[in-house]
Amino acid sequence: MSTWIRTRAVSSLLTLIPARAVAAESVIELPTLGGAHGQAEDINDHGQIVGWSVRVGVAVEATIWNSGVPTGLGLPGAMRFSFGNAINNAGEVSGYSELG
């Protein structure tokens, strides 16, 4: 399953509109980790995108997309969800998670 996410760069910020992704005047499809929903939160100068994606079932996991391929960043310990919020040009992701 995949989701569409719309992003529009405004200075160094992104305006996010769920359902479609617009980056540099183009629309790209970003697959999820198997669930029905996902959302981009940030993109770096190398085109790496970070945000979150639903896995099959109910888990929400921080996700990084490299060349459109999603990779889950994990659910540490007994966390019930994790979100990626920002990514720098070194590919380092910041985010948060919550105990279930």
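## Around Phe83

Let's start with Phe83. Leaving aside residues up to four places away in sequence, Phe83 touches Gly51, Trp52, Val60, Ala62, Ser94, Gly95 and Tyr96. Keep in mind that this is a predicted model.

## The nonpolar core

Phe83 also belongs to the largest nonpolar core, which has five residues.

## Salt bridges

How many salt bridges does the count come to? The answer is two.

One of them joins the side chains of Glu61 and Arg55, with an N to O distance of 2.4 Å. Is Glu61 buried or exposed? Glu61 counts as buried because its relative accessibility is 5%, and the cut-off for buried is under 20%. Arg55, at 33% relative accessibility, counts as partly exposed.

The other salt bridge pairs Arg80 with Glu98, and here the closest N and O atoms are 2.6 Å apart. This pair links distant parts of the chain, 18 residues apart. Arg80 sits in strand β10 (residues 79-87), while Glu98 sits in strand β11 (residues 93-99). As for accessibility, Arg80 is partly exposed with a relative accessible area of 49%, and Glu98 is partly exposed too, with 35%.

## Back to β10

Methods. Residues are numbered from 1 along each chain as its sequence is written. This is a predicted model: local features need pLDDT of at least 70, side-chain atom pairs count only at pLDDT 80 or more; totals for chains, interfaces and linings use all residues. Side-chain values use heavy atoms; hydrogens and water are left out. A salt bridge is a side-chain nitrogen of Lys or Arg within 4 Å of a carboxyl oxygen of Asp or Glu. Buried means under 20% relative accessible area, exposed over 50%, partly exposed in between (1.4 Å probe, protein chains only). Helices (H or I, at least four residues) and strands (E, at least two) are DSSP runs, numbered from the N terminus. A nonpolar core is a set of buried Ala, Val, Leu, Ile, Met, Phe, Trp, Tyr and Cys residues joined through side-chain atoms within 4.5 Å. Contact means heavy atoms within 4.5 Å.
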